[in-house]
Amino acid sequence: MPPLGVQLYIQDRHVVMDNGILQVTLSNPDGIVTGIQHGGIDNLLEVINDETNRGYWDLVWSVPGSAGIFDVIKGTEFRVIVENEEQVEISFTRMWDPSLEGKLVPLNIDKRFIMLRGSSGFYSYAIYEHLKEWPAFTFAETRIAFKLRKDKFHYMAMADNRQRFMPLPDDRLSGRGQPLAYPEAVLLVNPVEPEFKGEVVPVQVDDKYQYSCDNKDNRVHGWVSLDPPVGFWQITPSDEFRTGGPVKQNLTSHVGPTTLAMFHSAHYAGEPLVPKFGPDEAWKKVFGPVFIYVNSVYGDGDPFWLWEDAKEQMMIEVQSWPYTFPASEDFPTSDQRGNVSGRLLVQDGYISDDYILASSAYVGLAPPGDAGSWQRECKDYQFWTQADLGGYFSINDVRPGDYNLYAWVPGFIGDYKCEALITITPGCDVFVGDLLYEPARDGPTLWEIGIPDRSAAEFYVPDPNPKFINNLFIGHPDRFRQYGLWERYAELYPDGDLIYTVGVSDYTKDWFFAHVTRKKDNNTYVGTTWQIKFTLDSVDKIGVYKLRMALASSTLSELQVRVNDPTVNPPHFTSGLIGRDNTIARHGIHGLYWLYSVSVLGDLLVEGENTIFLTQPRSTSPFQGILYDYIRLEAPPSPNSNKKIA
């Protein structure tokens, strides 16, 4: 029997889309999702919440210089865009005019919802537009949030190795939960379910940031109800509308039960990823579509199969991108887009005389800018892929426009940018041929610490304080997601700061993953100085050595470098105040990437033992600090060398 056609029912205060598999109810004209009926549950959304707090688009905006304003986007006009048995697409718009200045964000917003015949879910996207003559504003975040029924949805899944039964929202309330260093982190002292309490002391922390995820991995996440067995999943088939590139981290699902479709945020990046629109700046962007997928098990089926099914559906959605069915002319179909392909090679003559294949390089198209500017780009579209082992790449279904091609290669420092502007037109196939990346290098490597991969994951991540455990991350590759690891530094180094001896120390055991502050007995903090000790058999006194320092993250920090004299002032190098990632507090292992090349004059070094002092002096908070990615000391180039100096 063929699936039922899609039906649209328009009521005074509600609109209902129904295809026989699920029924979705939205408020009219607000465009808030108030009900989702499927699998024997009359409403998957939290029925005890007000209708405006169930399934909604929201944003955070501000007038320049003022505090952020949280805005649940409510439409003022409802329109039917498409209505037939195959598809329904409906629109809820909120138009801006000068009488709303200072009251609402100066954007025209068109929220769209789509239901297809035979589809076990619905799609949503939105078109935001700022006209040139409208006032300036900043725009910190936008997303879709779904609040599910806490009496049904207890099991959350976002990856094969990141899924679990979750605490109840009641466990976070006063009397059951104890707030920790910031409101998002709560110690479960008297949880409703005994499994979340230890036999002797509480051993569970709940914090939504423990479930963050890189954009590139954030394809499907959601919740499972066991009785009846029903799944609710948020599927994001493309990153083109997300900001910050493939390794920008965003929230997923967390205690509520809440599921988020994050389009834009400053998490793990801070102010650099808050777009600022001028008073004479026209802008339009389509966020989405994303797919809200629901599934169910009948009879004696395994409820945990719902996650496997959701992953299969995610692959179907990814392979179907760009969708053919959105009715807005602002969403181009595949034949209205273009493709770019080529190969990336690396040249580093101190590693190989031949070109090196840029295996697994991240290659992307983003708005024109400087090398690496893509990670702070937050207004337009980006298109990324990963090269194969031979360095070959293909970026498909790119929106028309002008772009630069950017890349970074795991195993090598720095950023690549192709200087030629790439113009995408409908139906084009641009072949860029072989591209050559020459990472910064002056001379041969004397020593190195870490792996240049824009992450601090290879360094030593301690076990958490037993009082602050999230059991999901015991023995987990993402052990850095545990709460309170910043406090372990002073416990591991009670009498002095970290000292790393090249050739003796092991960075996986002896290099703490975060260069943090030290807490004093009076609850204040002091900066810390780490030492790298190394031996040189000979020194070129008139040569210039190069210290390459790649940072995986920085939060209100300063990196000072001193060579063989810990008291010299000013230091031989300072970064100045950098970073607002807040990665340490939010259990990330990377944020924005920084690369510094520090010239070290040969007369600062001696034959025998040398010491480089790395000081992070900013110290008003436990969350200030630096995550190193990779450190390398290079000798000066030899007089006869024909190696490239960068």
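Trainee: Where is D397 placed, and why is D397 called buried?

Mentor: In this predicted model, D397 sits in strand β29, which covers residues 392–398. The relative accessible area of D397 is 16%, and buried means under 20%, so D397 is called buried.

Trainee: Which residues is D397 in contact with?

Mentor: With neighbours within four places in sequence left aside, D397 is in contact with E240, W321, P322, S334, R337, G338, N339 and F383. R337 in that list is 60 residues from D397 in sequence, while the C-alpha atoms of the two are 5.1 Å apart in space.

Trainee: Why is D214 counted as buried, and what joins the side chains of D214 and H590?

Mentor: D214 belongs to strand β17, residues 213–214. Its relative accessibility is 12%, and since buried means under 20%, D214 is therefore counted as buried. The side chains of D214 and H590 are joined by a polar contact of 3.0 Å, a value that falls within the 3.5 Å cut-off for such a contact. Leaving aside neighbours within four places in sequence, D214 is also in contact with residues including P246, V247, K248 and Q249.

Trainee: How do you know that R481 has no salt bridge?

Mentor: The nearest side chain of opposite charge is that of D478, at 4.4 Å, whereas a salt bridge needs the nitrogen within 4 Å of a carboxyl oxygen. R481 is thus buried yet without a salt bridge, and its place is in the loop between β33 (445–450) and α2 (488–492).

Trainee: Which backbone oxygens does the side chain of R481 reach?

Mentor: The side chain of R481 reaches the backbone oxygen of S212 at 3.4 Å, and it reaches the backbone oxygen of H587 at 3.1 Å. Both values can be set against the limit of 3.5 Å for a polar contact. Not counting residues up to four places away in sequence, R481 touches, among others, R162, Y209, Q249, Y268, F473 and R586.

Trainee: What makes the pair R488 and E491 a salt bridge?

Mentor: The side chains of R488 and E491 meet with a distance of 2.6 Å from N to O, and the cut-off is 4 Å, so the pair qualifies as a salt bridge. Side chains of opposite charge can pair when their charged atoms come close. Because R488 and E491 are 3 residues apart in helix α2, they are separated by about one helical turn.

Trainee: Are R488 and E491 buried or partly exposed?

Mentor: R488 has a relative accessible area of 16% and is buried, whereas E491, at 45% relative accessibility, counts as partly exposed. The second value lies between the limits of 20% and 50%. R488 also touches P462, D463, P464, N465 and F512, not counting residues up to four places away in sequence. From R488 to N465 there are 23 residues in sequence and 7.5 Å in space, C-alpha to C-alpha.

Trainee: What parts of the chain does the salt bridge of R548 and E634 link?

Mentor: The side chains of R548 and E634 meet in a salt bridge of 2.9 Å, N to O. This pair links distant parts of the chain, with R548 in strand β39 (residues 544–557) and E634 in strand β45 (residues 625–634), 86 residues apart. Both R548 and E634 are buried.

Trainee: How do you know that E558 forms a salt bridge with R618?

Mentor: The closest N and O atoms of E558 and R618 are 3.1 Å apart, and the cut-off is 4 Å, so the pair is a salt bridge. E558 lies in the loop between β39 and β40 (560–563) and R618 in the loop between β44 (608–616) and β45, so that distant parts of the chain, 60 residues apart, are linked by the pair. At 11% relative accessibility E558 counts as buried, while R618, with a relative accessible area of 31%, is partly exposed.

Definitions and conventions
Residues are numbered from 1 along each chain as its sequence is written. This is a predicted model: local features need pLDDT of at least 70, side-chain atom pairs count only at pLDDT 80 or more; totals for chains, interfaces and linings use all residues. Side-chain values use heavy atoms; hydrogens and water are left out. Helices (H or I, at least four residues) and strands (E, at least two) are DSSP runs, numbered from the N terminus. Buried means under 20% relative accessible area, exposed over 50%, partly exposed in between (1.4 Å probe, protein chains only). Lys and Arg count as positive and Asp and Glu as negative; His and the chain ends are not counted. A polar contact is a pair of N or O atoms within 3.5 Å; within protein, one must be able to donate a hydrogen and the other to accept it, and residues adjacent in sequence count only if both atoms are side-chain atoms. Contact means heavy atoms within 4.5 Å.
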